[in-house]
There are 2 protein chains.
Amino acid sequence: MKENKIEPRTLTGFMELLPENQILFNQMVDKIRKSYEEFGFLPLDTPVIELAEVLLAKAGGETEKQIYRFNKGENDLALRFDLTVPLAKYVAINYNDLAFPFRRYQIGKVYRGERPQKGRFREFYQCDIDIIGDNELNLLNDAEIPNVIYNTFKRLELGDFTICINNRKILNGLFKSLNLEEISVDVMRIIDKIEKIGKEQVVQELLKLGVTSRTAEKIIEFIQIDGTTDEKIQALEQMNITDELYITGVNELKEVIKNIRLFGIPDQNFKIDLTIARGLDYYTGTVYETFLNEYKQLGSVCSGGRYDNLAEFYTDKKLPGVGISIGLSRLFYQLSELNAFNQKEKSIAKVLVVAMDDNEEQQTMSKAIEVATLLRNNGISTQIYTENKKIKAKFKYADKLKIPYVAVIGENEVNNNKITLKNMSTGEQEEIEINNEALKKYFE
Amino acid sequence: MKENKIEPRTLTGFMELLPENQILFNQMVDKIRKSYEEFGFLPLDTPVIELAEVLLAKAGGETEKQIYRFNKGENDLALRFDLTVPLAKYVAINYNDLAFPFRRYQIGKVYRGERPQKGRFREFYQCDIDIIGDNELNLLNDAEIPNVIYNTFKRLELGDFTICINNRKILNGLFKSLNLEEISVDVMRIIDKIEKIGKEQVVQELLKLGVTSRTAEKIIEFIQIDGTTDEKIQALEQMNITDELYITGVNELKEVIKNIRLFGIPDQNFKIDLTIARGLDYYTGTVYETFLNEYKQLGSVCSGGRYDNLAEFYTDKKLPGVGISIGLSRLFYQLSELNAFNQKEKSIAKVLVVAMDDNEEQQTMSKAIEVATLLRNNGISTQIYTENKKIKAKFKYADKLKIPYVAVIGENEVNNNKITLKNMSTGEQEEIEINNEALKKYFE
């Protein structure tokens with residue numbers, strides 16, 4: 001048997017971190033969760049496995065190809081590929097038990113069998129919030145979502161960031177007024193490239209698509225709207241477009257911007273970006289993207305928007321909503337690659353308690369346990385070093401685990417009821433009495 | 001399209017909770033995590049999907065039948081059925097990057113396609129800790145594990161509990177000395193029934209198995225050892241068994257008990273139970289089971305033990321370890337059924353801020369946002385009620401979500417820079433000035 005070892009390995013595209021990075025990853029999850037809960041979002045935890053029929057009610061194309069799907073017994077099953085479809089299912093099932101607006105967050109793994117590539121994962125965390133209304137949902141919610149984004153990214157301490165806001169009705173109304181509805185996807189695709197290929201090239205591609213030069217001009221006029229937030233709104237109002245959808249979109253955007261300011265988000269942290277459409281075709285109003293100013297190359301790190309109907313594939317109830325998602329695994333991976341973290345706490349244990357000599361010495365170990373328990377009772381995570389090694393090996397262990405303090409206990413310490421605390425980063429040592437007050441004071 | 005709705009439903013055997021219960025479930029997870037981290041265990045998060053070959057290196061029998069296994073592309077994949085095999089894989093892969101003893105916790109979902117029945121889930125949470133040594137692992141760790149169990153169940157506040165301890169070497173040595181090694185599984189099965197079928201019946205069944213009456217007597221003598229912890233150890237020592245394994249087992253148990261006391265666990269919270277074997281055949285030393293005194297019918301709620309070799313199917317390195325697992329989904333379900341929870345916080349938001357009148361009134365909403373932000377900055381989760389409803393509906397919402405406080409803001413409040421805070425459980429109302437000090441004082 002011993003000769004026939006199985007090669008231990010983890011699947012490509014599946015993130016599995018060393019403890020130090022896992023601690024950091026968890027710190028991000030905790031901060032996101034804290035931000036979401038601060039705004040009263042309720043936790044949700046839906047199964048990873050669902051009936052394929054239920055999960056794929058709406059899907060198609062790429063999603064369906066990427067899905068993990070299999071049979072177990074008589075069931076055709078699939079792994080969730082996002083947290084929105086399970087939310088739709090959940091709200092449809094539990095409609096009568098929920099209070100609306102239903103505000104939920106879910107932080108969990110989702111699965112997409114993509115071709116693995118750098119920074120793309122087949123199993124990855126999404127951190128979602130959504131606010132679901134029963135039949136209607138006040139536009140005020142569209143302004144509160146940026147407040148949640150703002151608090152979340154402030155807490156994540158990843159430097160300055162910009163929340164970009166748009167309203168799908170503006171784009172849709174513009175296309176309607178220009179009779180471009182049928183080719184809107186192609187037009188959007190071309191518009192999206194303006195920063196890469198420049199204005200002239202965009203016009204050329206639009207003409208190739210059969211768009212008149214007058215219409216192309218109007219499109220260029222629109223996507224070149226620039227200036228302050230208020231100047232942009234003014235320019236939108238002066239576009240001379242009478243399409244009702246367009247006008248509604250501009251008014252909604254104006255209202256959302258007004259309320260975003262009411263929510264106290266500084267002007268430097270948000271802006272109108274009229275080119276944001278969000279690929280998904282179910283966004284119908286406000287849309288968001290978030291960029292880290294120092295790491296713009298990452299693209300949007302937190303996106304979402306307003307949709308008219310969350311669960312139309314399951315129920316006749318009209319359930320409008322607004323939400324966002326952070327693709328955490330990818331963000332974490334990219335930030336790691338960029339060395340963007342300024343991690344303070346790199347260990348779980350704050351103190352490693354070590355015996356100066358032999359662990360088997362009952363008095364020493366008894367004192368070590370007493371100290372560890374006292375520290376834990378004061379909320380300080382503490383590990384006792386349990387093995388019979390030389391003191392040097394014990395310190396090396398603390399070093400490798402980046403535990404910031406080592407408490408040494410020897411004969412002297414036992415006799416004087418003291419510990420010698422060593423700060424591992426400064427090297428400073430201090431003798432501390434073993435009691436609540438002295439320990440609390442030291443770790444303050 | 002609208003007519004062809006898909007029936008939204010969740011798979012049988014998959015737990016999906018309403019928000020109020022999810023909050024409670026998460027509180028339990030948080031307490032377990034906090035306890036594990038308090039002892040310096042490092043977090044780990046391995047993929048839910050693994051290569052079937054890797055995951056099933058050791059499995060067989062029931063496990064293999066229950067597994068969720070499927071192909072994706074060219075890969076033969078499976079969902080993890082516990083957190084121990086992924087740990088073994090992880091330690092084998094990352095051996096050179098880990099510091100030993102390697103102490104990790106993992107809280108995550110595992111999958112077993114069992115026949116669903118009340119309280120049995122196909123997707124369920126396990127909350128594991130393990131301490132892995134490199135070639136050797138001090139017996140002191142076997143005594144620290146009950147300390148972690150003790151702290152965890154104290155924090156969970158599920159009433160009194162008893163940690164039952166045994167050592168597999170004692171049973172194995174006993175069987176060896178009685179020449180019962182080849183039928184030890186059958187003997188164990190019979191012994192296990194003593195509380196149900198009584199001593200006479202056990203003897204009868206042992207004789208039927210071909211055991212001599214002298215040997216049966218010795219077995220009965222052994223399993224009837226009773227008394228205090230110290231009396232049990234004394235009786236074990238006086239069994240007149242000279243088998244080396246047996247003697248080692250008794251000595252280990254004695255040492256573990258001595259150290260458990262050193263760790264400060266009260267005698268009422270642990271006991272020796274010589275009948276505990278734990279089904280899994282890889283436990284080789286200390287074994288644990290934990291019972292809630294008020295809910296003994298649940299069986300063991302936290303079990304584990306010492307094993308000689310964590311990862312022998314992947315590596316030649318000898319990796320002894322000791323660990324425990326809490327099957328949280330099942331425990332949660334059973335405790336819910338028994339109404340065993342005494343939940344204090346049933347909501348995420350502590351305060352619901354509502355406008356007395358129309359939300360559209362900018363001054364009122366501006367004040368509501370100001371108050372909500374102030375509360376959040378003081379660490380109080382706060383939700384603003386965003387919809388244009390009558391004040392009565394707003395209070396009903398707070399009630400349904402069990403939010404403990406409602407902050408009302410009307411014209412008066414705006415003018416006087418005050419809020420009216422209503423305690424939803426007592427009905428008491430109080431006018432509070434809108435500033436940090438007044439709010440802090442109120443929520444202290």
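**Exercise 1.** Find which residues B:A407 touches, not counting residues up to four places away in sequence.

*Solution.* Take contact to mean that two C-beta atoms, placed from the backbone, lie within 7 Å. By that criterion, B:A407 touches B:V351, B:V353, B:V371, B:I419 and B:L421. This is a predicted model, in which local features need pLDDT of at least 70 and side-chain atom pairs count only at pLDDT 80 or more, while totals for chains, interfaces and linings use all residues. Residues are numbered from 1 along each chain as its sequence is written, and chains are lettered from A and ligands numbered from 1 in the order in which they are written.

**Exercise 2.** Determine the strand order of the open sheet of 5 strands in chain A, and which strands stand at its edges.

*Solution.* Begin with the order, which is β13-β12-β14-β15-β16, with mixed pairing; strands are DSSP runs of E, at least two residues long, numbered from the N terminus, and two of them pair if DSSP finds at least two bridges between them. Next, β13 (382-384) and β16 (429-433) of chain A each have a single partner strand, so one side of each is left without a neighbour in the sheet. Finally, β12 (residues 351-355) of chain A pairs with β13(A) in the parallel sense over 3 bridges, and A:V353 stands opposite A:I384 in β13(A).

**Exercise 3.** Describe how chain A meets chain B.

*Solution.* Count first: 74 residues of chain A are in contact with 74 residues of chain B. Then locate the largest share of the chain A side, 6 residues, which comes from helix α1 (residues 19-38) of chain A.

How values were computed
Helices (H or I, at least four residues) and strands (E, at least two) are DSSP runs, numbered from the N terminus.
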